[in-house]
Amino acid sequence: MAIDIGAALRVVADEPNPEPHVAHNYSPIPVTAATAEGAWVTDVDGARYLDCLGAYSAVNFGHRHPAIVAAALEQINRVTLTSRAFRSDRLEPFCAALAGLAGKDMVLPMNTGAEAVESAIKVARKWGYEVKGVPDLQAQIIVAGGNFHGRTTTIVGFSDDPDARNGFGPFTPGFVRVPFGDADAVAAAIGPDTVAILIEPIQGEAGIIVPPDDFLPRVRDLCTAHGVLMIADEIQSGLGRTGKTFAVEHWDVVPDIYTLGKALGGGLVPVSAVVADHDVLGVLRPGQHGSTFGGNPLAAAVGLRVVEMLSDGSWQARAAELGEHLHTRLRDFVGSGVIAVRGKGLWAGIDLEPGRGTGKEFCLRLADHGVLAKDTHDSTLRLAPPLVVTHDEIDWMADRFATALHS
Ligand SMILES: *Cc1c(COP(=O)(O)O)cnc(C)c1O
């Protein structure tokens, strides 16, 4: 695996682009996957890489997990797409299982994460008008600085990342942004027209930012006291990644609404969902929201298998245990190339010391040593290996990480 880092950076700088027909909204690491299994990806030249990104947590169970592939194949041979104009026999079992996993009444099935967030925003606004009694068109939703909730025009409108938002306005009104982790700022931002706070319990894209321990419990109390819906965006943090089914469990917090996605699709198909109780999700009535593909039989069969796999807690326990090991190994680098390591479970944000190159350059070096990872911001890396990764593979990765730090 000899990646020419100089050449790779020239590709990044948009010189000879090997994919001229692909819109340039990404600058991928120059590794071209041909096959993948478990935690490993093999490229078109036969080189193998340990996948420590796991498609941003969408591949929590590893590539092509046999139980998920089996559920998908079985469903492909029955019925795959009906639209919601009539029923399939997979949707209710999937929604019942997912609602049960989350301890809620109902599930609104969608496809992508951004759609789940958009749907939760619509539900919160409608709840605000119909249940809370907010005057029409006045609903406000509180969001956090550094948030990442997807790429639609409404969602990028309340982002503070210039790349995400510049050039895409005008934006949807009705959002107020407060610093992440600052419960006093949340308290100050709540007014009579506040219908919801939308928050990642641990911010993924921002660099695996874990809030102060009192933050989410205080947000929960504020929401309860002021009749505000707490929406936990667990699209990246949820479904086992942090060592719990949902990251909010680390602080014994129960939100009113979960948005889920990524790993819910088992690494096979896009599956997302809004999960809440009947008094919230029940505001949607026929014709008021929908999706041609949302809740399709193939997605529902895959999602059901994912929920079944998470129901005995063993994946969560594995992520917690191996996460301890991952963080122990990574903390060894603090002071020798690394400034800080954050995260929970098999999820780590790593700030590189200045002079170690950009996050992107470091990812190219890691790839050259057989490890796939992704930078988030300039000098921050994110590791989110599939939960099938082993203790020995974590050691193997950490050794290569050390080599990349010192090469
Ligand atoms: C990835 C992500 C989304 C958006 O999901 P897509 O499937 O890419 O639309 C939303 N929220 C969070 C926290 C995410 O990490």
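The following legends describe close-up views of a predicted model.

The model is predicted: local features require pLDDT of at least 70 and side-chain atom pairs pLDDT 80 or more, whereas totals for chains, interfaces and linings use all residues. Residues are numbered from 1 along each chain as its sequence is written, and side-chain values use heavy atoms, with hydrogens and water left out.

View B. A polar side-chain atom of Asp 233 lies 2.7 Å from a nitrogen atom of the ligand. Backbone N or O atoms also take part: that of Gly 113 is 2.8 Å from a ligand oxygen atom, and that of Phe 148 is 3.5 Å from a ligand nitrogen atom. The ligand taken alone exposes 380 Å², of which the protein buries 81% (Shrake-Rupley method, 1.4 Å probe).

**View C. The open sheet S11-S12-S15-S14.** In this order, 4 strands form an open sheet with antiparallel pairing. Strands are DSSP runs of E with at least two residues, numbered from the N terminus, and two strands pair if DSSP finds at least two bridges between them. Strands S11 (338-342) and S14 (374-375) are at the edges, each with a single partner strand, so one side of each has no neighbour in the sheet. S11 pairs with S12 (residues 348-352) in the antiparallel sense over 4 bridges. Arg 342 stands opposite Gly 349 in S12.

**View D. Cys 95 and Cys 223.** Both residues are buried: Cys 95 has a relative accessible area of 11%, and Cys 223 one of 2%. Buried means under 20% relative accessible area, exposed over 50%, and partly exposed in between (1.4 Å probe, protein chains only). A search of the whole structure finds 0 disulfides, a disulfide being a pair of cysteine sulfur atoms within 2.5 Å.

**View E. The loop holding Asp 45.** Asp 45 lies between strand S2 (40-43) and strand S3 (48-51). Asp 45 is exposed, at 71% relative accessibility. Its C-alpha atom is separated by 8.5 Å from that of Thr 32, 13 residues apart along the chain.

Key:
A polar contact is a pair of N or O atoms within 3.5 Å; within protein, one must be able to donate a hydrogen and the other to accept it, and residues adjacent in sequence count only if both atoms are side-chain atoms.
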